[in-house]
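Here's a quick tour to read alongside the picture.

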Amino acid sequence: MTLLEIRGLTASVGDKPILRGVDLTINPGEIHAVMGPNGSGKSTLAQVLAGNPAYEVTGGSVKYKGQDLLEMQPEVRAQAGIFLAFQYPVEIPGVSNAYFLRAAYNEIRKARGESEVDPLEFADLMEEKLALVDMDPAMLGRSVNTGFSGGEKKRNEILQLAVLEPSLGILDETDSGLDIDALRTVADGVNKLRSKERSFIVVTHYQRLLNYIVPDFVHVLSSGRIVKSGGKELALQLEDKGYEWVTDGAATAEVGA
Amino acid sequence: MTAPVGTEAVVDRLGTVTAFDEAFRALEEGDDSDAPASVQAMRASAFDVFRRIGFPTTKNEDWHYTSVAPIAEHDYLHITTPSGDVQRPALQRFMFGRSEWPALVFVNGRYSPELSSLDELPRGVKVLDLRRAWRDAPELVRELGQITPYEGRAFTALNTAFMNDGAVVHVGRDVETDTPIHLLFVTDAVAAKSMMHPRNLIIVERNAKATVIESYVSLSDAVYFTNAVTEVVVAEGATLHHYKMQREGMRAFHVGTIETQQGRDSHYFSFSFATGGSLTRTNIYTALAGEGCGATLNGLYMLDGAQHCDHQTMIEHSQPNCFSRELYKGVLDGQSHGVFNGKVYVDPIAQKTDGKQTNNTLLLSERAQVDTKPQLEIFADDVKCTHGATVGRLDEQALFYMKSRGVSRDLARQLLTYAFAADVLETIELQSVREELERMTLKRFTKLEGP
């Protein structure tokens, strides 16, 4: 069964249309890279799928596991297996990372009709997950993302992803602001979480990340539409030729349309 | 106009004898007025001031946002004998899980030797109740009334007029202790319709380091009036961590003033935690009277229902090269009213002053209200002073972030509210106190027992 089916999705911020008709189909186990120049709507697509109320969906449809995703509250989407790794993870001073993660984990378990885990059981689980992203256990005692370096924040996002085990992970420019070592760690974490059932949308500006997280499909978003799709080799072509190579064509097509 | 003969001293301008007059006369004439002549003279002079100026009105700039009419309209009894039925186990929940800490306990305004425990007092630290101090150790109370003026200040004048019970803490030169001294003022149902005027004096001598906790708590929901004054001296090179816990009964009135005099290179850390009372006012004043001092005044107030809670702070930079840091946070629900007035005064000679003041308020309901008024008066030209105040609701971005991890809207709101408050609790150095306040705060907003 198709995991995610986006049809003619349009969305705006305030009065400004950002997405102008996105079509995208994702099957279980696939990794789709969404690339595009700044302002093309990549992050908007990620935020809209997670249900950020700052973006208004103005048209189109999104089916997730056969359900109308756009009707679901953000927490319900998360409970149903959607996870967005933020480009700019939010700092929450005063709530410890461990407490937040356990609260989220238990809310998701509750929603699935599973029993909550106590702090001791959770600590065992965390030990395994921390190793996956090579993270210092001391980070669990700190407030969520507060005072974390850019790399620590991104690593923390992947840790959350590892704990919450979503069906669809959306990585929103997870590579931005990372040095090569941090990038490799984060990518390794994601790769270990790949499975036949789990799909990813990897939103990125640069091809660099896709050396480490190898996608099955690459889509180029420009002016709020997917203007070109292909295999992983498309990312390399974009690296060589720049976005103008495809987006100029899109602009021309738009004018001609 | 028809005052009985011989009672001129207790007749006010309108010719009526007030409950305060009667209580004051009873104190002067009472059997237990074993105060030294100097104290008696100070009381009389302070009472004259109170009678002359009366309670402040909202026309008084310092009381602009807080009407004390509800306090003024009651007649209070002055409890002069030990009273109440408070047993040690009932005090456990106010002890931060550390019942071994030395504690001086006062019940309904009177010192309770039975409930106090001074066995574990650190070497070089003296803790006495006020009456014993002026009888047995007058050298320890020389500063009494010297730090806090009562002229022009009705509540301090009233406290001075009635001062009889309270704590004297003396930390000797070079004594460094991590054991906090707990001053616990508790009321029970017997306190109904009465007033208490605790008067404390804390002296931290040169290069000493100490921690003092002042708690005002209640075992009942009686209407009573606490009017406390604490004078503090932090001498040259000394450090004092000073916690004030205002957890009065929900119908109580509380006015409390802490006034501190700091010597050269001293450090004063104050934390004011306020959740109790129906109408409360806390004043925390410190004078950076020597070079190289630091003062950190932080606080958290959490209100609900029709509670009114006012904090006024004053940091007086009167010497160069001092710093001050101030962070006050408020969480207001229901139709509560929070007030924060933070004054910073920088004397013309106080060059290189480094001051930062912040007041953040989180409003949880449409009807909650806050008045925040930073007041910077800077007369030196080479200083760095900033202030900022925010009033807001929960951060939508953070709410979305938490929800995007599956956390329900309610729990996300609860955790963010807790987080807002816990941010300032993190500045508390004393672990047992920090953890207890975090636990209380978490429970207040999430009904959870703790992370």
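Which residue stands opposite Lys356(B) in S19(B)? That's Arg325(B). Keep in mind that this is a predicted model.

**Chain B as a whole**

- Chain B has nine helices and 21 strands.
- Its radius of gyration is 22 Å, close to the 22 Å that the globule rule gives for 451 residues, so chain B is as compact as a globular protein of that length.
- Of the 451 residues in chain B, 50% count as buried.
- Take the contacts in chain B between residues at least 6 apart in sequence: 80% of them join residues at least 24 apart.

**Strand S17 and its partners in chain B**

- Strand S17 (residues 323-332) of chain B is largely enclosed by the rest of the structure, because seven of its 10 residues are buried.
- S17(B) runs parallel to strand S15 (residues 294-303) of chain B, and 10 bridges join the two.
- In that pairing, Leu300(B) stands opposite Lys329(B) in S17(B).
- S17(B) also pairs with strand S19 (residues 354-363) of chain B, again in the parallel sense and over 10 bridges.
- As a general point for reading such pictures, side chains in a regular strand alternate between the two faces of the sheet.

**Strand S11 and its partners in chain B**

- Eight of the nine residues in strand S11 (residues 239-247) of chain B are buried, so this strand is largely enclosed by the rest of the structure.
- Nine bridges link S11(B) with strand S9 (residues 209-218) of chain B in the parallel sense.
- Look for Glu214(B), which stands opposite Lys244(B) in S11(B).
- S11(B) is also joined to strand S13 (residues 267-274) of chain B by eight bridges, and these two strands run parallel.
- There, Gln246(B) stands opposite Ala274(B) in S13(B).

**Helix H6 in chain B**

- Helix H6 (residues 154-162) of chain B is mostly covered, with nine of its nine residues buried.
- Among those buried residues are Phe155(B), Leu158(B), Asn159(B) and Phe162(B).
- The buried residues of H6(B) pack against several elements of chain B, including helix H1 (19-29), helix H2 (37-53) and strand S12 (253-262).

**Where the chains touch**

- Chain B brings 19 residues to the contact, and chain A brings 23 residues.
- On the chain B side, helix H7 (396-403) and helix H8 (409-425) are the elements that give two or more residues.
- H8(B) supplies the largest share of that side, eight residues.
- Sorted by class, the chain B side has 11 nonpolar, four polar and four charged residues.

**Two helices in chain A**

- Two packed helices are described by the angle between their axes and the distance between the axes.
- The axes of helix H3 (residues 97-111) and helix H5 (residues 150-164) of chain A come within 10 Å and cross at roughly 35°.
- The crossing of H3(A) and H5(A) is right-handed.
- Leu101(A), Tyr105(A) and Ile108(A) are among the H3(A) residues that meet H5(A), where the partners include Asn156(A) and Val163(A).
- The residues of this H3(A)–H5(A) contact divide into six nonpolar, three polar and no charged.

How values were computed
Residues numbered from 1 in each chain as written. Chains lettered and ligands numbered in written order. Predicted model: local features only at pLDDT ≥ 70, side-chain atom pairs only at ≥ 80, totals over all residues. Contact = placed C-beta atoms within 7 Å. Helix = DSSP H or I, 4+ residues; strand = E, 2+ residues; numbered from the N terminus. Nonpolar A, V, L, I, M, F, W, Y, C, P; charged D, E, K, R; others polar. Buried ≥ 20, exposed ≤ 12 C-beta atoms within 10 Å, placed from the backbone. Pairing = 2+ DSSP bridges. Rg over C-alpha atoms; globule rule 2.2 N^0.38 Å. Axes fitted to C-alpha atoms, helices over the stretch in contact; angles between N-to-C directions. Left-handed = near helix turned anticlockwise from the far one by under 90°.
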